[in-house]
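Please keep the sequence and the structure in view while reading.

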Amino acid sequence: MDDNARGPELLKVASTAIDGITVVTVTGEIDHTSAGPLISALEVSAPADRPRVVVDMRHVTFMDSSGINVLLTAHHALTQADGWLRLAGITDSVLRTLQIVGVDTVIPCHTSLHEALGA
C-alpha cells in the first residue's frame with residue numbers, strides 16, 4: 001500500500017510517572033475517530049490523592065474539537081478530584097487551535113515537559 005493512501009496517522013498514547021506526576025505522551029492526530037486511547041489515558045478512575053497529569057503534545061500534528069473536548073473533560077475531572085492538568089510542548093498549529101477557542105486560558109500550557117513538571 002502506498003504511504004500516501006494510508007490516511008491520517010494513528011494516535012499513539014503512552015503513560016509514565018515522573019515524581020508522582022502522570023505524563024501522557026501523545027503522538028499523531030487527535031480527532032473523533034482516534035481520541036479513544038487519549039480518553040482512556042486521562043480517565044480519573046480511582047480517586048487518587050490529588051491526581052496530577054501533564055499531557056506531552058510535542059508530537060501531536062492535528063487536533064479537532066474532539067481533542068479539545070477530551071482535554072476539557074479531563075481538566076474538569078482532575079480539578080474535581082483536587083488535582084490538575086497541564087499541557088506541554090504544543091506544536092504551533094495545535095496551539096493556535098487551543099488559543100482560538102480559549103482552552104489556553106483554562107488549561108495551563110507550557111513550552112516544554114520540563115517546564116510543565118516544574119510549574
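## Basis of the description

The model is predicted, so local features need pLDDT of at least 70 and side-chain atom pairs count only at pLDDT 80 or more, while totals for chains, interfaces and linings use all residues. Residues are numbered from 1 along each chain as its sequence is written, and side-chain values use heavy atoms, with hydrogens and water left out.

## Overall chain

The chain contains four helices and five strands. Helices (H or I, at least four residues) and strands (E, at least two) are DSSP runs, numbered from the N terminus. In sequence order, the pattern is β-β-α-β-α-β-α-β-α.

Of the 119 residues, 38% count as buried; buried means under 20% relative accessible area, exposed over 50%, and partly exposed in between (1.4 Å probe, protein chains only). The accessible surface of the chain is about 6,800 Å², and carbon and sulfur atoms account for 53% of it. These areas come from the Shrake-Rupley method with a 1.4 Å probe; for residues, only the protein chains shown count as cover. Among contacts (heavy atoms within 4.5 Å) between residues at least 6 apart in sequence, 66% join residues at least 24 apart.

## Strand pairing

Two strands pair if DSSP finds at least two bridges between them. Strand E1 (residues 12–18) and strand E2 (residues 21–30) run antiparallel and are joined by seven bridges; Ala 14 has Thr 25 in E2 as its bridge partner. The two strands form a hairpin with two residues between them, and Asp 19 in the turn has a positive phi of about 50°.

E2 also pairs with strand E3 (residues 52–63), in a parallel arrangement with eight bridges. Here Thr 22 is partnered by Val 53 in E3.

## The salt bridge

A search of the whole structure finds one salt bridge, defined as a side-chain nitrogen of Lys or Arg within 4 Å of a carboxyl oxygen of Asp or Glu. Its partners are the side chains of Asp 56 and Arg 58, at 2.5 Å from N to O. Asp 56 is buried, at 1% relative accessible area, whereas Arg 58 is partly exposed at 46%.

## Surroundings of Ala 88

Ala 88 belongs to strand E4 (residues 84–88) and is buried, with a relative accessible area of 0%. Leaving aside neighbours within four places in sequence, its contacts include Asp 56, Arg 58 and His 110. The C-alpha atoms of Ala 88 and His 110 are 4.7 Å apart, although the two residues are separated by 22 residues along the chain.
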